[in-house]
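Please examine the sequence and the structure shown below before reading on.

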Amino acid sequence: MGRLLTTLSALLLSVAGFAAAGIAVPDIGASLGATAAEQSLVVSVYALGFAVPMVLGGRLGDLYGRRRLFLFGMAGFTLFSLVATLAPSITVLIAARALTGISAAAMVPQVLATITASTQGPERARAVALFGATAGGATAIGQVLGGLLLSVPLLGAPWRMVFAMSVLMGVIAFGAALRRLPDTSAPSHRSLDLIGTALLGLALLALMIPISQGGALGWPVWCWALLGATPVLFAAFWRWQLRLHRSDRVPLVPPPVFRLSSYRIGLMMALMLQSAFGAFTFLYAISTQTGLGWSPMHAALVLLPFSLCFLTVSIWSGKLAPRFGFRRLLSIGGLIQAALLSITAVSVFLQGAGLNSWTFAALLVGVGVGQAFMFGPLVGAMIAEISPASAGAASGVFQTTQQAAMGLGVAVAGGLLGAALAGSTAPTGQAYMSALAICMLVQAAFAITFALCALALPRR
């Protein structure tokens, strides 16, 4: 258990740090005199640095040892979090956040890859359940810690305490990893697919840059041009991977993993789940803080029961998976979430600007139950047939899909909010709540589709 918790520390740090930084952005802007575009870059460059090299990080772990890449990434994450803590200007802070994201891309793929390579059967199911619980719970942990630390300006400005938290946690996690983290790898040809790496990097940049910055920049022509180039670059990348595989060389992403129906369908389900969740978290933060005037701490505490429920049920689902199977749990989770999201959306719309915090928090608990039965079992279903030799690359593709889907969800949610508020000189709390309710209804539709996709997974 100690080894598993040590491994999961990378996931906890990367997600919690991202959530806490999002809450701290307004204070960063006031402290460093940053423009709105610069404030958005503090968040988006981390996401870009995290998502783009993720598959490469997983492949390097396969080749050169997952423990080595984990320690390298954790050291970089801690060091650049320290630079961010002490940043004298917004430019230095943005650069530090980009390098922190790249460091996270080295350590995070090793988490799921290590679980895949070192566990089997019920032990793997429990480990995957904790992985899902950590991924979901870390968001709330980051938001609550961020709210608390923003009220403790020990370093001259409240936002510096948020990054100082990452430094302290990183030092502790690095020390624990030195003592407890197992070393796994996938011995094969010591070669790296540099052409594939470049093509995948360009494709992800073409996708992620417009998604993360298009809304703030008013969607200029070059953003649409990059989005148009994205499928072409992905197609070129995949043709190159097939060419390497057929010639018995080592591609960045092994094509055989996509022959597994559980992995292919799982990626589509992850895309739906994460894009919907990304849209919800973005609209929730904007609607409650800007629309209703809640403080960051108030907004985080209302979301806390949802996250605690997600954490508890995710751990429990690890015990249920071997008994009931992934397909059944995923279908049940999708239907539960669809039902509770629909009820919550109606409640949010009817209450509007008079939204009751207690009622909202209670309804979100049920949503958390559904989401817990969706995320953890989905990860388990996807990695069930993955060989240890491909664990790092498969983990990197999965987590890159998650990051890109979250960014896509935020971009779409931003467009939805803009349309909802269009023509209003002084948007009211009701307008924000209406946008949030629509988002939750769309999320409910995605949850139903998710449940139907689960039925197409292998019965094993």
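In this predicted model, helix H13 passes helix H14 in a left-handed crossing. The axes of H13 and H14 come within 8 Å and cross at roughly 155 degrees. Angles over 145 degrees count as roughly antiparallel, so H13 is roughly antiparallel to H14. Sorted by class, the residues in the contact of H13 with H14 are 17 nonpolar, 11 polar and no charged.

Helix H13, which spans residues 326-351, also meets helix H16, residues 429-454; the axes of these two helices come within 8 Å, with a crossing angle of roughly 160 degrees. H13 and H16 are therefore roughly antiparallel to each other. Their crossing is left-handed. In the contact of H13 with H16 there are 18 nonpolar, eight polar and one charged residues.

The next topic is the nonpolar cores. Which residues touch the most other members of the largest nonpolar core? Among the 105 residues of this core, they are Phe131, Tyr263, Met269, Phe280, Phe360 and Phe398. Helix H14, residues 357-383, gives the most to this core, with 13 residues. A second, separate core has 23 residues, including Ala20, Ile23, Leu150 and Met161.

Phe398 illustrates contacts between residues separated in sequence. Leaving aside neighbours within four places in sequence, Phe398 is in contact with Leu112, Phe131, Tyr263, Leu267, Ala270, Val379 and Met382. Of these partners, Phe131 and Tyr263 are themselves listed with Phe398 as touching the most other members of the largest core.

Thr400 lies in helix H15, residues 391-421. Is Thr400 buried or exposed? Its relative accessibility is 6%, so Thr400 counts as buried. Not counting residues up to four places away in sequence, Thr400 touches Ala51, Met54, Val55 and Leu204. Thr400 and Phe77 are 323 residues apart along the chain, and their C-alpha atoms are separated by 18 Å.

Thr6 is placed in helix H1, residues 2-32. Thr6 counts as buried because its relative accessibility is 6%. With neighbours within four places in sequence left aside, Thr6 is in contact with Phe70, Ala176, Ala177 and Arg180.

Technical notes
Residues are numbered from 1 along each chain as its sequence is written. This is a predicted model: local features need pLDDT of at least 70, side-chain atom pairs count only at pLDDT 80 or more; totals for chains, interfaces and linings use all residues. Side-chain values use heavy atoms; hydrogens and water are left out. Axes are lines fitted to C-alpha atoms, for helices over the stretch in contact, and angles run from 0 to 180 degrees between N-to-C directions. Helices (H or I, at least four residues) and strands (E, at least two) are DSSP runs, numbered from the N terminus. Angles under 35 degrees count as roughly parallel, over 145 as roughly antiparallel, 65 to 115 as roughly perpendicular and the rest as oblique. A crossing is left-handed if the near helix is turned anticlockwise from the far one by less than a right angle, and right-handed if clockwise. Ala, Val, Leu, Ile, Met, Phe, Trp, Tyr, Cys and Pro count as nonpolar, Asp, Glu, Lys and Arg as charged, and the others, Gly among them, as polar. A nonpolar core is a set of buried Ala, Val, Leu, Ile, Met, Phe, Trp, Tyr and Cys residues joined through side-chain atoms within 4.5 Å. Buried means under 20% relative accessible area, exposed over 50%, partly exposed in between (1.4 Å probe, protein chains only). Contact means heavy atoms within 4.5 Å.
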